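Subject: Structure for you to look at

Hello,

Here is the structure I promised to pass on. Please open it first and then read the notes below it.

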Amino acid sequence: MIRTGVFYSEVMRNDHAPSDMNIGKGFDAIVKEGLFEVEGISLIEAEPVAEELVLRVHTRRLADEVRRDGLWEVGRRSAGAVVMAFDRVLSGELDNGLALVGIGGHHAGRDDAYGGCCLNHEAIAVTWARENGRGPRFAIVDTDTHHGDGTRELLSGDSNALHICYCGYGRGDGRTGVCLPHASGDEEFVRRLRAEVVPLLREFRPDLVLWFCGLDTHRESYGTRCLTSDCYPRLCEVLREAAGEVCRGRLVVRVGCNAPARVAAEVLPRMVKVLAGQPWR
Ligand SMILES: [Zn+2]
Ligand SMILES: [Zn+2]
């Protein structure tokens, strides 16, 4: 039996983000499909990360700005969902995890944030893990439609972090920071994720794979990738298999659902099913 944790808090169902990310609608669909009744799948309340941890990654100035903007609670809980998923998966308590976040993170650098992001979940989780003797090697696969510039900045020069981005325009050093061109549909994306990312993961041999999944690549969102709701569980299958091969299945998926409610309701239950080894079609 595969043990999958879903990390969520009602705080994520928010009006805090510039636009409602509809993550709550995706969560409702997971509940409605009865997935928390399936053996092995558990729901875990996402707690906020401590201010101290935030300040290991970000400046006091940015933390104060996030507080003033009213995003402190949802930002810290979103980071907390990823940190808790890292904790449970790295300890072996869970095989994999899905962190549902209420606000974005990959455009948050050390001292500034924009584009619906406030605190960098990925860098906070990596920092937390290392300070707690976990890891130290982490691979982050970012399939959002935009470049993960904040994450790239925070992890640059870190030889124990591999950051792969499907943005089409960012720059990488080609070793620990890789930016790949956009794919233009389901078939191409699934094929290229397998052909381009899996070999990099094999070579890097991380302790855990973090998939940063932005649903803004969906054809009904503002992304330009024309993906359908079937693509995300297929990408998830590729990364679950790769994690099985390179790091004993340790996969954490972080989803920020910047897509219409219907898309959230279609995609999120399928991703839970893939992580838990259930048929999703
Ligand atoms: Zn994006
Ligand atoms: Zn990039």
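Strands β7 (residues 208–214) and β8 (residues 251–256) pair in the parallel sense over 6 bridges. Strands (E, at least two residues) and helices (H or I, at least four) are DSSP runs numbered from the N terminus, and two strands pair if DSSP finds at least two bridges between them. One bridge links G214 to G256 in β8.

Before going on, note that this is a predicted model: local features need pLDDT of at least 70, side-chain atom pairs count only at pLDDT 80 or more, and totals for chains, interfaces and linings use all residues. Residues are numbered from 1 along each chain as its sequence is written, while chains are lettered from A and ligands numbered from 1 in the order in which they are written.

The sheet

β7 and β8 belong to an open sheet of 8 strands with parallel pairing, in the order β2-β1-β3-β8-β7-β4-β5-β6. At its edges stand β2 (41–45) and β6 (177–179); each has a single partner strand, so one side of each is left without a neighbour in the sheet. From one strand to the next, the twist averages 15 degrees. Helix α8 (residues 231–246) packs on the sheet and touches β4 (138–142), β7 and β8. Its direction makes about 170 degrees with that of β7; axes are lines fitted to C-alpha atoms, for helices over the stretch in contact, and angles run from 0 to 180 degrees between N-to-C directions.

The core

The largest nonpolar core has 97 residues, of which F86, L100, I124, V209, V253 and M271 touch the most other members. Such a core is a set of buried Ala, Val, Leu, Ile, Met, Phe, Trp, Tyr and Cys residues joined through C-beta atoms within 7 Å. Buried means 20 or more other C-beta atoms within 10 Å of the residue's own, exposed means 12 or fewer, and partly exposed lies in between, with C-beta atoms placed from the backbone. Helix α4 (residues 72–90) gives the largest share of this core, 11 residues. In α4, 17 of the 19 residues are buried.

Loops

R205 lies in the loop between α7 (186–204) and β7 and is exposed, with 11 other C-beta atoms within 10 Å. R248 lies between α8 and β8 and is partly exposed, with 13. A cis peptide bond joins G135 and P136, with omega about 10 degrees.

Regards

Key:
Contact = placed C-beta atoms within 7 Å.
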